[in-house]
Amino acid sequence: MARIEILAPVGSEEMLRAAVFSGADAVYLGGKLFNMRAGTRSFTQEELAEAVKLTHQMGKRLYLTCNTLLNNEEADLLPKYLSEVHEMGVDAAIVSDIGVLMAAHRAVPELELHISTQAGVTNWLTATELHRLGAKRVVLARELPLTEIEELCHRIPRELEVEVFVHGAMCMSVSGRCLLSQ
């Protein structure tokens with residue numbers, strides 16, 4: 001039986017505390033860079049370091065979203081940023097772009113990598129190939145029915161973790177690619 005992890009999104013220190021003190025096993029959040037929800041409040045580097053410290057003190061994990069579609073300038077900044085957040089103790093980076101996946105794997109090979117729902121993973125073949133490229137977990141497209149999730153889980157490598165959303169999105173989206181978000 002697979003281990004179930006309750007993962008909560010957080011957008012502030014108050015939300016972080018509520019999640020870890022209310023039973024979440026892990027949280028995910030965005031920093032000021034490489035965060036798809038740039039219009040929302042994001043964690044500064046200092047706040048991120050404090051968030052990592054708090055989650056680890058509580059025996060929880062913290063995943064950092066690095067899920068933007070990068071321009072060339074941002075691509076040049078990515079390896080240094082990933083090294084910095086890894087040194088802080090971020091448990092995993094959530095990525096959606098294959099270039100980001102590969103750059104992260106090269107820059108910080110020991111950093112756990114999760115594939116965002118924004119990548120639109122809908123089948124076992126894509127999930128398996130992303131695992132082969134270094135992903136430890138795939139977050140499936142939100143519109144997949146349970147029957148397809150079940151089949152996918154039977155056909156992927158046992159080591160590959162699968163994450164699914166169990167409630168509606170807080171954004172208007174297609175395959176997790178937010179069109180409007182708050």
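Which helices each supply at least two residues of the lining of the second largest pocket? Select helix 1 (13-21) and helix 2 (45-57); each of these meets that description. Please note at the outset that the model is predicted.

**Stop 1: the second largest pocket**

Helix 2 provides the largest share of the lining, with six residues. Colouring the lining by residue class gives six charged residues, four nonpolar ones and one polar one.

**Stop 2**

Next, select R61 and E112. Their side chains form a salt bridge, with an N to O distance of 2.8 Å. R61 belongs to strand 3 (residues 61-66) and E112 to strand 5 (residues 112-115), so this contact ties together parts that lie 51 residues apart in sequence. Are the two partners buried or exposed? E112 has a relative accessible area of 15% and is therefore buried, as the value falls under 20%. R61, at 26%, is partly exposed.

Now extend the selection to E5, K136, R137, E161 and E163. Together with R61 and E112, these residues are linked in a network of salt bridges. Over the whole structure, the search finds eleven salt bridges.

**Stop 3: salt bridges within helices**

Move to helix 5 (residues 124-132) and select R132 and E129, both of which lie in this helix. Three residues, or about one turn of the helix, separate them. Their side chains meet in a salt bridge at 2.7 Å, N to O. E129 is partly exposed, with a relative accessible area of 31%.

A salt bridge joins R155 to E151, and the closest N and O atoms are 3.1 Å apart. R155 counts as partly exposed at 43% relative accessibility, and E151 counts as partly exposed at 42%.

**Stop 4: a charge over a ring**

Select R142 and F165, and show the ring centre. Where does the charged end of R142 sit? It is placed over the ring of F165, 3.9 Å from the centre of that ring. A related search, for aromatic pairs across the whole structure, finds zero.

**Stop 5: a glycine in helix 4**

Finally, select G99, which is part of helix 4 (residues 98-107). G99 counts as partly exposed, its relative accessibility being 36%. The distance is 9.0 Å, for residues that are 29 positions apart along the chain.

Conventions. Residues numbered from 1 in each chain as written. Predicted model: local features only at pLDDT ≥ 70, side-chain atom pairs only at ≥ 80, totals over all residues. Heavy atoms only, no water. Phe/Tyr/Trp six-rings, centres within 6.5 Å; stacked < 30°, edge-to-face > 60°. Lys NZ or Arg CZ within 6 Å of the ring centre and 35° of its normal. Helix = DSSP H or I, 4+ residues; strand = E, 2+ residues; numbered from the N terminus. Buried < 20%, exposed > 50% of the residue type's maximum accessible area, 1.4 Å probe, protein only. Nonpolar A, V, L, I, M, F, W, Y, C, P; charged D, E, K, R; others polar. Salt bridge = Lys/Arg side-chain N within 4 Å of Asp/Glu carboxyl O.
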